Amino acid sequence: MGKISSPEELERYQNEILSKRDPHQPCVTVCGGTGCHASGCHQVIDAFKRVLQDQSKGNGINIRVTGCHGFCERGPLVVIYPQKILYQRVKPEDARTIFEETILNGKVIESLLYDHPTTGKRIVHEEEVPFYQKQMRIIFGNNGSIDPTRIEDYLAVGGYRALAKALSSMHPDQIIQEVKKANLRGRGGGGFPAGVKWETCRNAPGDIRYVICNADEGDPGAYMDRSLLEGNPHSVLEGMIIGAYAIGAHEGYVYVRNEYPLAVVNIGIAIQQARELGLLGKNILGSKFDFDVQISRGGGAFVCGESTALMASLEGNVGEPRAKHIHTVVSGLWDRPSNLNNVETWANVPVIIERGADWYTQIGTEGSKGTKIFSLVGKVNNTGLVEVPMGITLREIVYDIGGGIPGGKKFKAVQTGGPSGGCIPESLIDLPVDFDRLTEVGSMMGSGGMIVMDESTCMVDVAKYFTNFLKDESCGKCTSCREGTKRMHEILTEITEGRGKPEHIDLLEELGWVTAEASLCALGGTAPNPVLSTIRYFREEYQEHIINKRCPAKVCRTLLQYRILSDVCTMCGRCAKVCPVKAITGKKKTKKEAGEPFQIDTEKCIKCGMCFETCKFEAVEVH
Amino acid sequence: MIPFVIDGQSVEGKEGGSILEVALDAGIDIPHLCYHESVKPYGACRLCLVEVVRGGRSRMTTSCTYSVMEGIEVFTHTEKVLRARRMIIELILAMCPGDKLIQDMAKEMGVNQVRFKQEDKDCILCGLCGRICEEVVGANAIQFAFRGDRREMIPPFQGEAMSCIACGACVVACPVDVIRMKEQGDERTIIRWKRTLKMKQCKICGNYFAPWFQLEKFREHAKLPKDFFDVCYTCRT
Amino acid sequence: MTHSQIDAIIDRYEGKESSILAILQDIQAKEKYLPKETLEHVGERLRIPINKIYRIATFYRAFSLTPRGQHEIVVCLGTACHVRGGQRIIDQFTMELGIRSGETTSDRKFTLETVNCLGVCAAGPVVAIDGQYFGKMSSIKVEDTLKKFRPDKSDKKERLNGKD
């Protein structure tokens, strides 16, 4: 297939692809996302390939390796088409059984089905699994049907139709109006209306302008952009081409974090294949619009997620932000008008153009339209990527979709917005999730990381963790950010190590204030949020650390004491064996000797917790 | 000329100039450390903060990086600005307790105590030395390295600054005077950059007047004859 | 690395100054670090002063100016992994190998690094060794995991004098 030279030709090609695909043809879809990769999906894929090769009946059955399905907790995931049977935690040895029972004989394998954690009921179809039921996967849903290295798969699900529509029947201004009407707000964290940004960029003086995709997803715990780029790169590309057409840009950049090698590869393949079909390059679909894209890799700096720092990095400099008195949409990359948007924002564009702003605005709340993809991680049963309509409550996300807290532990807080965000306590769990509501309570939407914490998470430790991250990632230019994050971390370390003083909380608040107010960019500007929000909602926990030198969650090691309960100790001696500093003494019980209960020498103990983890009889107590 | 207001006083500035420049010219005192008229504004120290009201909205920003605009109202000594400046000078003092200039500035701003653990650094990371070396001298001998709390101004690979021509511009520019130069016999050393260069002797008066390395760089750059610098500047006139 | 090898990388990016990051990444991928002489040559070819190259090389965590070990151990310290006890994992590796994060063992076999998020949160705490992911790590599993990469090592552990 050479270059497609018109929207009609694109439609013909799409129909041709569809006609060659039999929807009743059995297909084994295996999730090849990084989460499943870590669970061993490649062995599962190889096992299926071997099984199909061996069998003569294996002809005509496809294996499709797709991007992330989102249900990472239960990987490796396999979905059998056409019935859409979901098998979870699939092992390589299951491949043969699945082939023989399900594909050849149409039987469902009970043991591989998702089992409801409370009712125990086995669920057959993907859409009936509680994890997926409350989700609305308009952006992420296609991941399960697409092999990201084959553009035909994207075309088969209707890909590039929005681009055809935009180029053939919409004027750039119309496109911008549609995006404005849809009220698409930036999904990278800022929540700025994309349509307004595009309009300002289009109207800025100059002949050359750029569109940029910010794929420098640096928030620890957030991996939505990664999964979108790895699993459905064309959706992002299509959005960028439409945006470039609307703004009048002919060059684009995708800036990808260097810690995401698979994303770099897959977007590279997508760009190559799009070029081959004439969807990128000169005279796209015969519209006379030229546009092409380059990939640029980040160097391992969180601050490069900030737009001016990202552009500095693209120019070949260190990622030091600059003042935004003049916005980047007017003067950005090489001082030219540059429109930067996040991966998920770009992926929303084709959906809006194809289905219209009227349809799109039916989803979500007054101020936040559409859906948001969150990475639901931490102390939650169903860890994974979830796409929900704006306005859904935290309770629904954590309990209905997330399946609640593992081990029956008590929910304590949800951290949103990464290092720029804050912790939301139990009292606010019915909060509808939307940009403005989250900011009101001292947190923010951020890029979509949602970290669930339970009673065994220490909030002071969480604040310390974030300030440590921020002080390392700060570019270091502004005194207020560099010294502010450093000193906040220092004070939090004092508190978690038992040297907290009553005046520390006030000092943290003051430091937080100056870091936010006096710093140049949003890294410094939002740096105090984790500290201030935990002080706001968990002040008593801080007081416990400072006044009583106690860590109620049993996390801050200096404040812990490990003890062996002599009446529970079975004198097996395992703890003494693993103790790295030989602080445990006692006599092992053998056939000949009675043994003596083991004891920990608290002077030598370094509180590493190995004895606690090793003891099978719960004889080690921590307090 | 662009008219605007600082602390109720009418002032005017050239297009592209900064609020800080105009303020200093008008005799209005705004503390600053990383600003120098010979290099581009940087905005690192954050001391020159002011509140700028534009279109009905007020924001606190550094006056060295804010270009003058018609109709803006600038306030240099509000509660908010003073509170921020005090905290910043306290943070710098905690970093460099031995620097006299910082001690004096702190005292002047009413900061009498440092509530943080004192470090023993001397460089305030204003970047003036590196910026002047790059923008004015063109030797590019030193630059910031690392980031966050590990940021420091050092020669490449932390050794001797091999591109340094020992002109002494950084010595003069450093606001806290921590870059020292010494001359001994026929050698000049910029101590902080571990750079010792042999000096050239004037054929006429016999004084050591400039480093060989520096003169060779100038000669190459300006394509001058080999014996051009055999006679020192004084003797030539 | 020979000058012609370096030139080949530079030419791939048409010798553009703004490609300095990509050039350094390719060199890092090949050599496992950025040798001083290589950086000097890159600076000459691209007409970038060496102090700027040094600045870039030390600003971005992707680069290392000292040779990395044969095996790279990356412990994820993303928030999800942290909340699931990631700090203890890193401390355990420190105890096993005698090096801290960012350091390389004296026999150049292992380099220990932390990363702010590998994007594999469901399997946390996660450790990646030479690109291979090990999920649901715990302090106890550290020794066994290391055995895969140092099968000849005895049970004797290197300790940091009992201090973490």
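Here are some questions and answers about this predicted model. Residues are numbered from 1 along each chain as its sequence is written, while chains are lettered from A and ligands numbered from 1 in the order in which they are written. Since the model is predicted, local features need pLDDT of at least 70 and side-chain atom pairs count only at pLDDT 80 or more, but totals for chains, interfaces and linings use all residues.

Q: How far apart are the centres of domain 1 and domain 5 of chain A?
A: Chain A splits into five pieces: domain 1 (7-145), domain 2 (154-360), domain 3 (371-454), domain 4 (459-547) and domain 5 (561-622). Those bounds come from an automatic or database domain assignment. Taken over C-alpha atoms, the centres of domain 1 of chain A and domain 5 of chain A are separated by 47 Å.

Q: Which element of chain A gives the most to the side that touches chain C?
A: Two residues are in contact if their C-beta atoms, placed from the backbone, lie within 7 Å, and here 46 residues of chain A are in contact with 41 residues of chain C. Elements giving two or more residues to chain A's side include α13 (307-314) and β11 (371-378); helices (H or I, at least four residues) and strands (E, at least two) are DSSP runs, numbered from the N terminus. The most, four residues, comes from α2(A).

Q: Which helix of chain C gives the largest share of the side that touches chain B?
A: Nine residues of chain C are in contact with 11 residues of chain B. Seven residues of chain C's side come from one helix, and that largest share belongs to α4 (residues 50-59) of chain C.

Q: Why is A:I61 classed as partly exposed?
A: A:I61 sits in the loop between α3 (41-54) and β2 (62-66) of chain A. A residue is buried if 20 or more other C-beta atoms (placed from the backbone) lie within 10 Å of its own, exposed if 12 or fewer, and partly exposed in between. A:I61 is partly exposed because the number of other C-beta atoms within 10 Å is 17.
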